[in-house]
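This briefing covers aromatic pairs, helix packing, charges over rings and backbone angles. Please read it alongside the sequence and the structure.

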Amino acid sequence: MKAIDSNYKPKFFINQLSNETANQRKNIQYHYTSPNGLLSIIKNKSLRFTDIRFLNDKSESLYLVKVICDYFAENKQKYSIIEEAFNRLIGANDISKLQKLKISNIEYKVPSSYHKRRHFVFCMCDNCDELNMWNYYVNNGSYQGYNIGFNINSLMHTFYTDNKNPILHKNFSVNYGKVLYDKKSQFSEIDNKFQELEIRYKFNYQIEALSTELLNYIDSFCAFFKHPKFEGEKESRIVIETPDNYLHSPNFDFPQLTNNLMRYDFYTKNGLIIPCLYVKINSDSFSRITVSPIMEAEITQNSIRELVSTEGIKGCSVYQSKIPIRF
């Protein structure tokens, strides 16, 4: 694949939450994975984006709606037309149960202009050596995992054409940002969105159109709002969204993409058959690999260095976890 100019900065197409700054986008982000996961990513130069409905947190698709309910409970009539449209959307639900996350799904009054889209998530972490994340990879009392550090600027070029223009396509979009855990930052993000909507709809109030836009916002950004209990994961995410019917189209791909390959498929986990997308990435995306605690340092690092060299990945350093665990 063609090398990407490291000085080129993603813009326009890669949507981001407003708390994300240009400097933060330069950061390396870390994907924790199993030995088999590492081998697959390195050999195939491909990332697996999981259908959001099958992620570990069962409240993934509910939590943003709960936060919006809490926001309006504390800010009644601040954005009156937004509040009216939102209440119209979720009016069929028991709001008190929703706010306590005591329901398994939300029943929406779906606007006629709304078209449901599917969402596929790739998760990363701010920290290259986070014990909370290593704990997912304990097998028979031993830590058996790795994390891959991705250069975000290079990784996001997956979604650009050879001439460095963002892919603009009606059948998919991509969002990238850090996950929000605390109430203050979540309310701030919601307030920014509602302020923008209020300005646009204040003198041209169409409740059907506004309801559709609210539901699209919930669908697109629910992956970036999580319960404070998950704050230790320090996540950032890339989310691909696309209409369900497009997944099954014979022309399902990224038109004109540098890698020109995006594959809809399935994998198994804990007995479940899980839908996913596999997306090819550029070799420049790999920055470093960290080996989990306890694993024999020298032989493990040497094997990883040989792997990345054999696969033609340059400039990818290998490190050992510094967490002092005895067993």
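The structure, a predicted model, holds 14 aromatic pairs. One of them joins Phe-72 and Phe-86, whose ring centres are 5.8 Å apart with 40° between the planes, a tilted arrangement. Phe-72 belongs to helix H3 and Phe-86 to helix H4, so this pair ties together parts that are 14 residues apart in sequence.

**Aromatic residues**

- Phe-72 and Phe-86 are both buried.
- The pair of Phe-150 and Phe-286 is tilted, because the planes of the two rings meet at 45°, with 5.5 Å between the centres.
- This pair links distant parts of the chain, with Phe-150 in strand S6 (residues 146-151) and Phe-286 in strand S11 (residues 286-291), 136 residues apart.
- Phe-150 and Phe-286 are both buried.
- One aromatic cluster is formed by Tyr-71, Phe-72, Tyr-79, Phe-86, Phe-187 and Phe-194.

**Helix packing**

- Helix H3 (residues 63-74) packs against helix H9 (residues 207-221) at an angle of about 125°, and their axes are 9 Å apart.
- Angles over 145 degrees count as roughly antiparallel and 65 to 115 as roughly perpendicular, and H3 and H9 are therefore oblique to each other.
- On the H3 side the contact involves Leu-64, Val-65 and Ile-68, which meet Tyr-217, Ile-218 and Phe-221 of H9.
- By class, this contact of H3 with H9 has six nonpolar residues, no polar ones and no charged ones.
- In helix H4 (residues 80-90) the buried residues are Ile-81, Ile-82, Glu-83, Ala-85, Phe-86, Leu-89 and Ile-90.
- The cover over the buried residues of H4 includes H3, H5, helix H8 (183-201) and H9.

**Charges over rings**

- Arg-48 lies over the face of Tyr-267, 3.5 Å from the ring centre.
- Lys-226 places its charged end over the ring of Phe-230, at 4.4 Å from the centre of that ring.

- Leu-101, a residue other than glycine, has a positive phi near 55°.
- Leu-101 is found in the loop between helix H5 (95-99) and strand S3 (117-125).
- The relative accessibility of Leu-101 is 26%, so Leu-101 counts as partly exposed.
- Lys-234, also a residue other than glycine, has a positive phi near 50°.
- Lys-234 sits in the loop between H9 and strand S8 (235-243).
- With a relative accessible area of 33%, Lys-234 is partly exposed.

How values were computed: Residues numbered from 1 in each chain as written. Predicted model: local features only at pLDDT ≥ 70, side-chain atom pairs only at ≥ 80, totals over all residues. Heavy atoms only, no water. Axes fitted to C-alpha atoms, helices over the stretch in contact; angles between N-to-C directions. Helix = DSSP H or I, 4+ residues; strand = E, 2+ residues; numbered from the N terminus. Parallel < 35°, antiparallel > 145°, perpendicular 65-115°, else oblique. Contact = heavy atoms within 4.5 Å. Nonpolar A, V, L, I, M, F, W, Y, C, P; charged D, E, K, R; others polar. Buried < 20%, exposed > 50% of the residue type's maximum accessible area, 1.4 Å probe, protein only. Phe/Tyr/Trp six-rings, centres within 6.5 Å; stacked < 30°, edge-to-face > 60°. Lys NZ or Arg CZ within 6 Å of the ring centre and 35° of its normal.
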